Amino acid sequence: MISKILNNKITKITAIILLPTILVGGYYGVKWIIKKKKELALKKKEENNNTTKDEIV
């Protein structure tokens, strides 16, 4: 059963095209999520700094 699936040319071509696409997309997707989380954390930190400055004045 598995050998029939692996011997199918369409399956091989699809795997060759989709596997790198999924891997590269996943890599850049994770990088994008990490970047957004860092930006959000930085934004929150700046907002906290601004509120503490307003309270001191």
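Trainee: Why is Ile16 called exposed?

Mentor: In this predicted model, Ile16 has a relative accessible area of 61%. Exposed means over 50%, so Ile16 counts as exposed. Its place is in helix 2.

Trainee: What makes Ile16 part of a nonpolar surface patch?

Mentor: A patch residue needs over 30% relative accessible area, and Ile16 has 61%. Ile is also on the list of nonpolar side chains that are joined within 5 Å. Ile13, Ile16, Ile17, Leu18 and Ile22 make the patch, which covers about 520 Å².

Trainee: How do you know that Glu39 and Lys36 form a salt bridge?

Mentor: Check the N to O distance: 3.7 Å between their side chains. The cut-off is within 4 Å, for a Lys or Arg nitrogen and an Asp or Glu carboxyl oxygen, so the pair qualifies. The count by this rule is one salt bridge.

Trainee: What separates Glu39 and Lys36 along the helix?

Mentor: About one helical turn, because they sit three residues apart in helix 2, which spans residues 9–56.

Trainee: And why are Glu39 and Lys36 called partly exposed?

Mentor: Glu39 comes in at 38% relative accessible area and Lys36 at 39%. Buried is under 20% and exposed is over 50%, so both values land in between.

Trainee: Why is the pair of Tyr27 and Tyr28 called edge-to-face?

Mentor: By the ring rule there is one aromatic pair. The ring centres of Tyr27 and Tyr28 are 5.0 Å apart, with planes at 80°. Centres within 6.5 Å make a pair, and planes over 60 degrees apart make it edge-to-face, so that's the label. Tyr27, at 48% relative accessibility, is partly exposed.

Trainee: How many of the chain's residues are buried, as a percentage?

Mentor: Buried residues make up 0% of the 57 in the protein chain. The chain has two helices and zero strands. Its accessible surface is about 5700 Å², with 68% belonging to carbon and sulfur atoms.

Conventions
Residues numbered from 1 in each chain as written. Predicted model: local features only at pLDDT ≥ 70, side-chain atom pairs only at ≥ 80, totals over all residues. Heavy atoms only, no water. Helix = DSSP H or I, 4+ residues; strand = E, 2+ residues; numbered from the N terminus. Buried < 20%, exposed > 50% of the residue type's maximum accessible area, 1.4 Å probe, protein only. Patch = residues over 30% accessible without salt bridge, like charges linked within 9 Å, V, L, I, M, F, W, Y side chains within 5 Å. Areas by Shrake-Rupley, 256 points an atom, 1.4 Å probe, with all protein chains shown as cover. Phe/Tyr/Trp six-rings, centres within 6.5 Å; stacked < 30°, edge-to-face > 60°.
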